[in-house]
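Please keep the sequence and the model in view while reading the points.

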Amino acid sequence: MSTQDYDELQTVRDIIRYAVSEFNRAQLFFGHGSDNAWDEAVYLTLFSLNLPLDNLDPFLDARLLKEEKKRCLQLIQERVKKRVPLAYLTGEAWLQGHRFIVTEDVLVPRSPISELIAEQLQPWVADPDAPLNILDMCTGSGNLAILAALEFPHSHVDAADISPKALAVAKQNVELYKLGLQVHLHQTDLFKDLPPKAYDVIICNPPYVNSTSMEELPAEYKNEPALALAGGEDGMDVIRKILYAAPNYLSEDGFMLLEIGHEYENFLTAFPSISPTLLETETTDESILLLTREELLMLD
């Protein structure tokens, strides 16, 4: 589009329409907070203009200043050319109504485990006000650990990750929510350097994408850290290590919530001796497993 053509874009509505057209033309992939071009175009435009993200209608026909239009168009072109998730361009992502700082060192927050946390893990947690010990393994940006801390205000939450860069982002988010006394970060290779503790709940969104699927991922996903995605040939490499160690870190009645994406069949093949409970959310019915300590002790 020439500079003269850009002059035709005068209102918020014009910019959003243009963004949708550009996103569709480029055949972008959406799966990091939105699932369609319209929602992403709206978010991008409102973010660029420092407008409320939940109140589009009053601004649709507002005319843009030259610099405002320039900011919007720059972000649109970056999204199209770089094919990175929009969250990396804006530096933020939203999950369950909460804002999280993100960089390219962490996955974009999107785990459906967040839906279960928002429901206070009912009915598996009898008393959300109890002083629970909670572990978020493979915490990344710390989003699930923070959501857990907010929903279980008297809990002690440990958040573990192998990546120091990811933990640097998690630290920013912990400070953003002023949860430094409740959420404690640990750099460790899974359980290796964690202090001994019996957790009531372990939350885990580990690397689980199998090698074939890794090769076929859309470009947006390939711009995320492979360390947080790749799970080996069958997707179970890291999960094996986690499940065999987990009983040593669970209380007698403790349980684990494990995200496995589209790897349910591979999970059943890898762990035939256990029968996990499948948990449904609004977005998935085979991606999250509930595993009790007793079940994990049955692993061959």
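1. Asn210 counts as buried because its relative accessibility is 12%, where buried means under 20% relative accessible area, exposed over 50%, and partly exposed in between, with a 1.4 Å probe and protein chains only.

2. The model is predicted, so local features need pLDDT of at least 70 and side-chain atom pairs count only at pLDDT 80 or more, while totals for chains, interfaces and linings use all residues. Residues are numbered from 1 along each chain as its sequence is written, and side-chain values use heavy atoms, with hydrogens and water left out.

3. What surrounds Asn210? Not counting residues up to four places away in sequence, Asn210 touches Gly232, Glu233, Asp234, Gly235, Glu263 and Asn266; contact here means heavy atoms within 4.5 Å. The side chains of Asn210 and Glu263 are also joined by a polar contact of 2.9 Å. A polar contact is a pair of N or O atoms within 3.5 Å; within protein, one must be able to donate a hydrogen and the other to accept it, and residues adjacent in sequence count only if both atoms are side-chain atoms.

4. The next points concern helix packing. Two packed helices are described by the angle between their axes and the distance between the axes. Axes are lines fitted to C-alpha atoms, for helices over the stretch in contact, and angles run from 0 to 180 degrees between N-to-C directions. Angles under 35 degrees count as roughly parallel, over 145 as roughly antiparallel, 65 to 115 as roughly perpendicular and the rest as oblique. A crossing is right-handed if the near helix is turned clockwise from the far one by less than a right angle, and left-handed if anticlockwise.

5. Helix H2 (residues 12–26) and helix H4 (residues 66–82) have axes that come within 10 Å and cross at roughly 15 degrees. H2 is therefore roughly parallel to H4, and H2 passes H4 in a right-handed crossing. On the H2 side, the residues that meet H4 include Ile15, Tyr18 and Phe23, and their partners in H4 include Leu73, Ile76 and Val80. By class, this contact of H2 with H4 has nine nonpolar, one polar and four charged residues. Here Ala, Val, Leu, Ile, Met, Phe, Trp, Tyr, Cys and Pro count as nonpolar, Asp, Glu, Lys and Arg as charged, and the others, Gly among them, as polar.

6. Helix H3 (residues 37–48) packs against H4 at an angle of about 140 degrees, with the axes 9 Å apart. This angle makes H3 oblique to H4, and the crossing of the two helices is right-handed. Glu40, Leu44, Thr45, Phe47 and Ser48 of H3 make the contact with Arg71, Cys72, Leu75, Ile76 and Arg79 of H4. The contact of H3 with H4 comprises five nonpolar, two polar and three charged residues.

7. How do H2 and H3 pack, and at what angle? Their axes are 9 Å apart and the angle is about 135 degrees, so H2 and H3 are oblique to each other. H2 passes H3 in a right-handed crossing. Among the residues of H2 that meet H3 are Val12, Ile16 and Val20, and those of H3 include Trp38, Ala41 and Val42. The contact of H2 with H3 has eleven nonpolar, two polar and one charged residues.

8. Backbone geometry deserves attention in the loops. Most residues other than glycine have a negative phi, and most peptide bonds are trans. Asn50, in the loop between H3 and H4, is not a glycine and yet has a positive phi of about 55 degrees; Asn50 is also exposed, with a relative accessible area of 67%. Cys138, in the loop between E3 and helix H7 (143–151), has a positive phi of about 65 degrees. A cis peptide bond joins Gln122 and Pro123, with omega about 5 degrees. Pro123 is found in the loop between helix H6 (113–118) and strand E3 (133–137).

Definitions and conventions
Helix = DSSP H or I, 4+ residues; strand = E, 2+ residues; numbered from the N terminus.
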